[in-house]
Amino acid sequence: MESLLWYATRGAGMVSLVLLTTVGCLGMLTVGRWQRPGWPRFLTAELHSNLALLSIVFLLIHVLIAALDPYTSLGLASALVPFSSPYRQFWLGLGGVSMYLVAAVIATSLLRNRVGRRTWRAVHWLSYAAWPLAVMHTVGTGTDGGTAWGLLLVGGCVVAIVASLAWRVAATRATRAEMDAVLPARRVAS
């Protein structure tokens, strides 16, 4: 049973990382207004939202099993209080901070109409910190993070995020250039 829990927490952690990566990529594609024929933009946004919620499910599974697994002996306090675990304190702490940042992003997204767009957007920027912290947690803590397949999976996640970010930056620049060309007042203000 202990080994089953150990495999479950490792698997849930890796699935959570892949889902968070996919959510991040879809978020950047949504903001950059990516669109293809036959794939409406709202579908990218809906997929982003739904996968974000699914990633939370796997994150909770990962954290709860790790905290309650007698083999790890981490305990619930180590899972809830970043940098409090005696086991790989720094790396587990990064995972805890990432978890709270993701929770803040999800909470404000669910309460978007109540907290307002400005607050939602400000908190949403935390995802740019949460994701790399999750990657560092994976590599530093995860027993699979240093294996060939683990590094390949993490490397694929990094490539996907970097490519999406590069696309988003390019799309933002192109949009600004189009607006400057159409709106003469923007050219003077820039």
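Of the 190 residues of the protein chain, 36% count as buried (under 20% relative accessible area; exposed is over 50%, partly exposed is in between, with a 1.4 Å probe and protein chains only). The model is predicted: local features need pLDDT of at least 70, side-chain atom pairs count only at pLDDT 80 or more, and totals for chains, interfaces and linings use all residues. Residues are numbered from 1 along each chain as its sequence is written, and side-chain values use heavy atoms, with hydrogens and water left out.

**Exercise 1. The fold**

Task: State how many helices and strands the protein chain has.

Solution. 
- Step 1. Know what is counted. Helices (H or I, at least four residues) and strands (E, at least two) are DSSP runs, numbered from the N terminus.
- Step 2. Read the total. The chain has 9 helices and 0 strands.
- Step 3. Write the order. From the N terminus the elements run α-α-α-α-α-α-α-α-α.

**Exercise 2. The buried face of α6**

Task: Find the buried residues of helix α6 (residues 117-124) and say how they are placed around its axis.

Solution. 
- Step 1. List them. They are W120, V123 and H124.
- Step 2. Look down the axis of α6. The buried residues fall within an arc of 105°, so they line one face of the helix. The arc is that of the directions from the helix axis to the C-beta atoms.
- Step 3. Recall the general rule. An α-helix has 3.6 residues a turn, so residues three or four places apart point the same way.
- Step 4. Look at W120 again. R112 lies over the face of W120, at 3.7 Å from the ring centre. For such a contact, NZ of Lys or CZ of Arg must be within 6 Å of the ring centre and within 35 degrees of the ring normal.

**Exercise 3. The aromatic cluster**

Task: Which residues do ring pairs link into a cluster?

Solution. 
- Step 1. Set the rule. Rings of Phe, Tyr and Trp (its six-membered ring) pair if their centres lie within 6.5 Å; planes under 30 degrees apart count as stacked, over 60 as edge-to-face and the rest as tilted.
- Step 2. Count. The whole structure has 3 aromatic pairs.
- Step 3. Take F83 and F90. Their centres are 6.2 Å apart with 35° between the planes, and the pair is tilted.
- Step 4. Take F90 and W91. Their ring centres are 5.0 Å apart and their planes at 75°, so the pair is edge-to-face.
- Step 5. Join them. F83, F90 and W91 form the cluster.
- Step 6. F83 is partly exposed at 35%, F90 at 47% and W91 at 32%.

**Exercise 4. The nonpolar patch**

Task: Which residues make the nonpolar surface patch, and which element gives the largest share?

Solution. 
- Step 1. Set the rule. Patch residues have over 30% relative accessible area and no salt bridge; like charges are joined within 9 Å, nonpolar side chains (Val, Leu, Ile, Met, Phe, Trp, Tyr) within 5 Å. Areas come from the Shrake-Rupley method with a 1.4 Å probe; for residues, only the protein chains shown count as cover.
- Step 2. List the members. L60, L64, L68, L76, L80, V81 and Y100 make a patch of about 650 Å².
- Step 3. Find the elements. Those giving two or more residues are α2 (41-68) and α3 (75-80).
- Step 4. Pick the largest share. It is 3 residues, from α2.

Terms used: Salt bridge = Lys/Arg side-chain N within 4 Å of Asp/Glu carboxyl O.
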